[in-house]
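This report covers selected helix packing and strand pairing.

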Amino acid sequence: MDERQLRILRELGELGSVTAVAEALLVTPSAISQQLRLLQRSIPVPLTERRGRRLVLTDAGQTLAGAAIEVESALERARRSVGEFLDRPDGEVSVAAFHSAAAAFFPLLLRALASDGAPVPRLADEDVPQEEFPRLTQEYDLVLAHRLDHAPPWPHTVTATTLLREPLDVAMPATHPLAAKRRVTPRDVADEPWITVHDGFPVMATIEAISAAAGKRLHLAHRINEFAVVAEAVAAGGGLALMPRWTTRPHPALTLRPLSGVRARRHIDALHRPERTARTAVRTVLHELHKAARTIQER
């Protein structure tokens, strides 16, 4: 049995005929009769009987129709509760982000949502290979993920909103000879040792593109995912690295130079399951993430 069948039974008891129920519910009498037959299959005793030309409820039917009132009342209370939950401007909103995005976005988000009545952010860092970001939307309301410009789009199971299209620059010690150039090419950097991410993370595809453009394999000296650690390693002379232009903190011993001849840019996207943004609080946090992205880019 389902809610609609119970309502039809209740209306039949009150209105007294299939035709009257059909008119009240704006359907055909045959549709009403079909639903009554389906309901009867789940009940071991008759719910209706013929009295002349009229179809009326049996004692069992009347008992079930009375219970239908309680069911409808409970469902209406449940709908109101869900509606109130969805409309609440506050409440917890969980947000996950990979490390460099977390460092850039989380402080701005916390400050923006510090007032009474605002959503309460629950923040977590999640640094995973690109293909695993969509799975995180099962656990979090919003997930900040990154992918390269030319990478395949996110699957249709999640909704993706781009917050930033961020260039990746070549980081080098400020005293490095290449720091005197305004831009560097793949040939300029091909003979240098490199510090890069582990396999499966987005930046690796750009490293491979630099190698292809230079016509030689790059020497990957170190594998480090956390850009703060990468910055220290570059400053110490460990090699060159690709680093995001806006979401990493400036380092006094480093110089960043744009790369010519290779498209070096990543998307920072907010991923979520479509139903998550039914909540006002989640939409508010997503709006604040867009504002934070503008602040990050402008500064």
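## Helix and strand contacts

Val18, Val21, Ala22 and Leu25 in α2 meet Pro29, Ile32, Ser33 and Leu36 in α3, where contact means heavy atoms within 4.5 Å. The residues of this contact comprise 7 nonpolar, 1 polar and no charged; Ala, Val, Leu, Ile, Met, Phe, Trp, Tyr, Cys and Pro count as nonpolar, Asp, Glu, Lys and Arg as charged, and the others, Gly among them, as polar. The model is predicted, with local features requiring pLDDT of at least 70 and side-chain atom pairs pLDDT 80 or more, while totals for chains, interfaces and linings use all residues. Residues are numbered from 1 along each chain as its sequence is written, and side-chain values use heavy atoms, without hydrogens and water.

Helix α2 (residues 18-25) and helix α3 (residues 29-41) pack at about 105 degrees with axes 8 Å apart; axes are lines fitted to C-alpha atoms, for helices over the stretch in contact, and angles run from 0 to 180 degrees between N-to-C directions. The two helices, α2 and α3, are therefore roughly perpendicular, a class covering 65 to 115 degrees. Helices (H or I, at least four residues) and strands (E, at least two) are DSSP runs, numbered from the N terminus.

In α4 (residues 59-87), Gly61, Leu64, Ala65 and Ala68 are buried, that is, under 20% relative accessible area with a 1.4 Å probe, protein chains only. The buried residues of α4 pack against α1 (3-15), α3 and β2 (54-57).

Strand β11 (residues 265-272) has 7 of its 8 residues buried, so it is largely enclosed by the rest of the structure. Its pairings follow; two strands pair if DSSP finds at least two bridges between them.

| Strand paired with β11 | Sense | Bridges |
|---|---|---|
| β5 (residues 142-148) | antiparallel | 6 bridges |
| β6 (residues 159-173) | antiparallel | 8 bridges |

Leu148 stands opposite Arg266 in β11, and Thr159 has His272 as its bridge partner there.

Notes: Parallel < 35°, antiparallel > 145°, perpendicular 65-115°, else oblique. Buried < 20%, exposed > 50% of the residue type's maximum accessible area, 1.4 Å probe, protein only. Expected span 1.5 Å × (residues − 1).
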